[in-house]
Amino acid sequence: MINVLLADDQHLVRAGFRSLLRRDKQIQVVGEASTGDEAVRTARSLRPDVILMDIRMPGRDGISATREILAFAPDTRVIILTTFETDEYVFAALAAGASGFLTKEVSPDGLRQAVRVVAAGDALLSPSVTRRVVGQFAHRPAAAPNGNRLSVLTEREREVVRLVATGLSNDDIARELVISPLTAKTHITRAIAKLGVRDRVQLVIIAFEDGLAGQ
């Protein structure tokens, strides 16, 4: 069973998500929060598997709440929800450790699938959000490569991480490198382990910060 905490300042939004998630017998909503501070307190008490976290809430925002929650509950997965994909806090939320970013217009099946994906240890970004994150980095000064951090990767793993940073799925990477999707996933899993990061979202961040993306 996947235990979920809903954190959103709008009661109707929480009620809607709760109703949608209850249709999946493997998912149960164990708590709700209407502010960032309440989300932190509730997460500390309930230790949910997944948190659906709104960015903009009264008082402490979702980014700050995410950062604090993951400090004491690193195995918890956070999906950031927002009304607009153009939200200026996209990258900050991912850098805080969020495992996914979705708009509130996500389909019912898409929402349930998102919860299952991050609960399984994977990460997700909608294609349009991925393009936005990549676009944000594209307009930043090029980062100096950090050879020490990336030197632990094999040449193939570096190539796979570079492709992850372009927003490609495992299937896309497999086609690009003429390998199987399972092999692509294995390379990603090994890169995550070697770099000591949470998921593929953090791989994207490292790829840009260390100058691997864009090569």
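This is a predicted model: local features need pLDDT of at least 70, side-chain atom pairs count only at pLDDT 80 or more; totals for chains, interfaces and linings use all residues.

**The whole chain**

Residues are numbered from 1 along each chain as its sequence is written, and side-chain values use heavy atoms, with hydrogens and water left out.

Colour the chain by pLDDT, the predictor's confidence in each residue, from 0 to 100. The mean is 85, and 86% of the residues reach 70 or more. Confidence is highest in strand β1 (residues 2–7), at 98, and lowest in helix α6 (residues 127–138), at a mean of 59.

Of the 215 residues, 49% count as buried. Buried means under 20% relative accessible area, exposed over 50%, and partly exposed in between (1.4 Å probe, protein chains only).

**Two paired strands**

Next, select strands β4 (residues 77–82) and β5, which pair in the parallel sense over 4 bridges; two strands pair if DSSP finds at least two bridges between them. Within this pair, Ile-79 stands opposite Gly-100 in β5. Now show the residues of β5 (residues 100–103): Gly-100 and Leu-102 point one way, Phe-101 and Thr-103 point the other way, and all are buried.

**A charge over a ring**

Select Arg-44 and Phe-72. Arg-44 lies over the face of Phe-72, at 4.0 Å from the ring centre. A charge sits over a ring if NZ of Lys or CZ of Arg is within 6 Å of the ring centre and within 35 degrees of the ring normal.

**Two loop residues with positive phi**

Move to Arg-47, in the loop between α2 (36–46) and β3 (50–54). Its phi is near 50°, a positive value in a residue other than glycine. Most residues other than glycine have a negative phi. Arg-47 counts as partly exposed because its relative accessibility is 44%.

Then select Val-178, in the loop between α9 (170–177) and α10. Here too phi is positive, near 55°. Is Val-178 buried or exposed? Val-178 counts as exposed, because its relative accessibility is 72%.

**Last stop**

Finally, select Thr-183 in helix α10 (residues 181–195). Thr-183 has a relative accessibility of 32%, so it counts as partly exposed. From Thr-183 to Ile-173, the C-alpha to C-alpha distance is 9.7 Å, and the two are 10 residues apart in sequence.
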